[in-house]
Amino acid sequence: MTLEADVIIAGGGSAGLAAALASARGGARTLLLERQTKLGGMGTNALVHTFCGLFHPDVSLPWAWLNAGIPVEIGQAMMERTGQSAPDLMGKVYVLRQHPSLYAQIADELCAAESNLTILTGSEWTDLHRDGNRWQLDIMTRGAKRQLKGKALVDTTGDATGARLLNPEWCQQTESARLYRPAYICAFHGMTGTHDDGWRLQIGAMIVRAIRDGKLPPEAMGAGFRDSPFAGETFLTVDLEAGQGEWDPFDPVKRARVEREGREVALALWSFLRAEHADFKNCPPPMLPTKAGIRETARYIGDYVITGDDLGLSRRFEDEVALAGWPMEKRENARGPKFRFFDEPKPGGIPARCLFRQDVPGLYFAGRCLSADHEALASLRVMGTCMATGEAAGKLAVDFASRC
Ligand SMILES: Cc1cc2nc3c(=O)[nH]c(=O)nc-3n(C[C@H](O)[C@H](O)[C@H](O)COP(=O)(O)OP(=O)(O)OC[C@H]3O[C@@H](n4cnc5c(N)ncnc54)[C@H](O)[C@@H]3O)c2cc1C
């Protein structure tokens with residue numbers, strides 16, 4: 001069975017959701033393909049719980065949205081549903097706490113309002129071909145093979161899947177030892193007390209002592225807590241070394257190890273803290289994510305590869321389609337981030353040329369797999385920026401499809 005559309009969006013995370021909405025609203029018959037059952041990508045399935053990159057980087061000014069359009073629409077919907085009237089100021093950045101369940105709900109509602117948009121969840125993109133002037137994608141849904149055909153294709157899988165299927169020369173990958181590390185996030189419920197920086201330091205010191213005394217595994221060193229917008233709920237993030245130089249996010253055996261290790265550490269922390277700290281005493285076992293959070297895999301080489309220096313200098317481009325404002329948050333080990341802030345608190349431009357290759361007409365890419373170097377990715381991969389590049393790629397794809 002073949003499904004036809006003007007525009008196919010592959011991958012329903014922050015970038016794919018925005019691309020699909022932009023495409024459908026632009027009048028194109030749009031198919032959005034997603035392997036999981038929820039839209040939202042890492043923001044729902046991996047329980048990533050803050051929207052970064054939504055705001056202007058100058059925190060000496062009152063907070064302001066950075067990119068108009070779908071990022072604001074999603075950000076505002078999240079603020080309304082979580083009861084937040086403003087983002088949090090965390091050091092030198094504004095951040096919006098988001099709730100993964102509400103993100104899935106917002107995504108569903110926004111998509112349901114678009115009559116041009118068809119959602120295909122639980123479906124894996126497995127192959128890519130060119131059929132005349134159409135893209136043909138093979139997909140698998142519970143063992144059944146199907147084809148999708150479209151005039152334009154937007155790859156928002158985060159993994160540069162299209163390039164890896166059709167021509168690996170279109171994509172780049174950082175060496176294992178420097179790949180941004182994966183992390184495992186889960187949600188603790190029934191928490192009591194207030195959880196400020198002093199509390200986080202106290203918990204950190206307890207964890208260090210427990211590792212030294214053999215009561216917790218060494219991997220618990222990468223643990224950090226951040227409160228949800230809802231009372232009694234706290235998210236635990238455990239950054240994992242994942243074998244450092246051995247880490248390969250495309251190796252299923254290594255992926256399985258990361259999932260197992262994440263669960264083991266999260267549940268060891270739950271048992272330990274429940275016994276040792278009053279704030280955790282009433283916590284049932286934590287809610288686990290659908291999958292571990294993967295920060296970096298492969299990305300495209302487009303007509304322009306945006307660099308860390310471009311962002312550091314807040315460079316602007318004639319063909320820019322979105323703005324970046326989040327600092328380069330490099331996580332090459334599990335010992336916390338190393339930040340490179342922009343030299344001045346001014347946004348940098350993201351050129352349209354980072355979202356396509358002129359020698360491959362009708363193929364666009366956005367989100368975590370856009371064309372950037374390793375350092376620039378540390379800024380551009382955050383969800384607010386992924387929404388903005390996704391929206392831009394969706395618009396480019398509609399324009400292309402309308403000319404076919
Ligand atoms: C541990 C961790 C913490 C983070 N913290 C933050 C934070 O605090 N704030 C922030 O803004 N960002 C944060 N990020 C970054 C951010 O979550 C991601 O970079 C962002 O979600 C990328 O969006 P995306 O749409 O490009 O990709 P994703 O969110 O990864 O979505 C890609 C989608 O494509 C689907 N897909 C992939 N391959 C296929 C296929 N073959 N067939 C069908 N579907 C497919 C996937 O299932 C997924 O839903 C964090 C990331 C991690 C891992």
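A polar contact is a pair of N or O atoms within 3.5 Å; within protein, one of the two must be able to donate a hydrogen and the other to accept it. The legends below describe close-up views of a predicted model.

Figure 1. T44 belongs to helix α2, which covers residues 42-45. The side chain of T44 makes a polar contact with the backbone oxygen of L39 at 2.9 Å. Because its relative accessibility is 3%, T44 counts as buried. Leaving aside residues up to four places away in sequence, T44 touches K38, L39, P100, Y103 and A104.

**Figure 2. Helix α4 and its buried residues.** Helix α4 comprises 13 residues, 100-112. From the first C-alpha to the last, helix α4 reaches 18 Å, close to the 18 Å expected at 1.5 Å a residue. P100, L102, Y103, A104, I106, A107, L110 and C111 are the buried residues of α4. Among the residues touched by T44 are P100, Y103 and A104. An α-helix has 3.6 residues a turn, so residues three or four places apart point the same way.

Figure 3. Helix α7 runs through residues 252-276. Its 25 residues should span 36 Å at 1.5 Å a residue, and the end C-alpha atoms are 36 Å apart, so the two values agree. At the N-terminal end, α7 is capped by D251, of which a side-chain oxygen lies 2.8 Å from the backbone nitrogen of V253. The buried residues of α7 are V258, E259, G262, V265, A266, L269, W270, F272 and L273. These buried residues pack against β11 (183-188), α6 (197-212), β12 (223-227) and β13 (234-239).

**Figure 4. The open sheet of β11, β13 and β12.** Three strands make up this open sheet, in the order β11-β13-β12, and their pairing is antiparallel. Strands β11 and β12 are the edge strands, each pairing on one side only. On average, neighbouring strands of the sheet are turned by 20 degrees against each other, direction ignored. Between β11 and β13 there are six bridges. Y184 has V238 of β13 as its bridge partner. Strands of a sheet pair through backbone hydrogen bonds, either parallel or antiparallel.

**Figure 5. D6 in strand β1.** D6 is found in strand β1, residues 2-10. With a relative accessible area of 12%, D6 is buried, because buried means under 20%. The side chain of D6 reaches the backbone nitrogen of R29 at 2.8 Å.

Figure 6. Strand β7 (residues 123-131) and strand β8 (residues 134-141) run antiparallel and are joined by eight bridges. Within this pair, R130 stands opposite W135 of β8. The hairpin of β7 and β8 has two residues between the strands, and G132 takes a positive phi near 60 degrees there. Strand β8 also pairs with strand β9 (residues 144-155), in the antiparallel sense and over seven bridges. Here M140 stands opposite K145 of β9. Two residues lie between the strands in the hairpin of β8 and β9, where R142 takes a positive phi near 50 degrees.

Figure 7. A backbone N or O atom of M383 lies 2.8 Å from an oxygen atom of the ligand. A polar backbone atom of R35 is 3.1 Å from a nitrogen atom of the ligand. From E124, a polar side-chain atom lies 3.4 Å from a nitrogen atom of the ligand.

Figure 8. Most residues other than glycine have a negative phi. A242, in the loop between β13 and α7, has a positive phi near 55 degrees. Because its relative accessibility is 13%, A242 counts as buried. S314 lies in the loop between α8 (308-312) and β15 (320-324), and its phi is positive, near 50 degrees. S314 counts as buried at 13% relative accessibility.

Terms used. Residues are numbered from 1 along each chain as its sequence is written. This is a predicted model: local features need pLDDT of at least 70, side-chain atom pairs count only at pLDDT 80 or more; totals for chains, interfaces and linings use all residues. Side-chain values use heavy atoms; hydrogens and water are left out. Helices (H or I, at least four residues) and strands (E, at least two) are DSSP runs, numbered from the N terminus. The expected span of a helix is 1.5 Å times one less than its number of residues. Buried means under 20% relative accessible area, exposed over 50%, partly exposed in between (1.4 Å probe, protein chains only). Contact means heavy atoms within 4.5 Å. Two strands pair if DSSP finds at least two bridges between them. Axes are lines fitted to C-alpha atoms, for helices over the stretch in contact, and angles run from 0 to 180 degrees between N-to-C directions.
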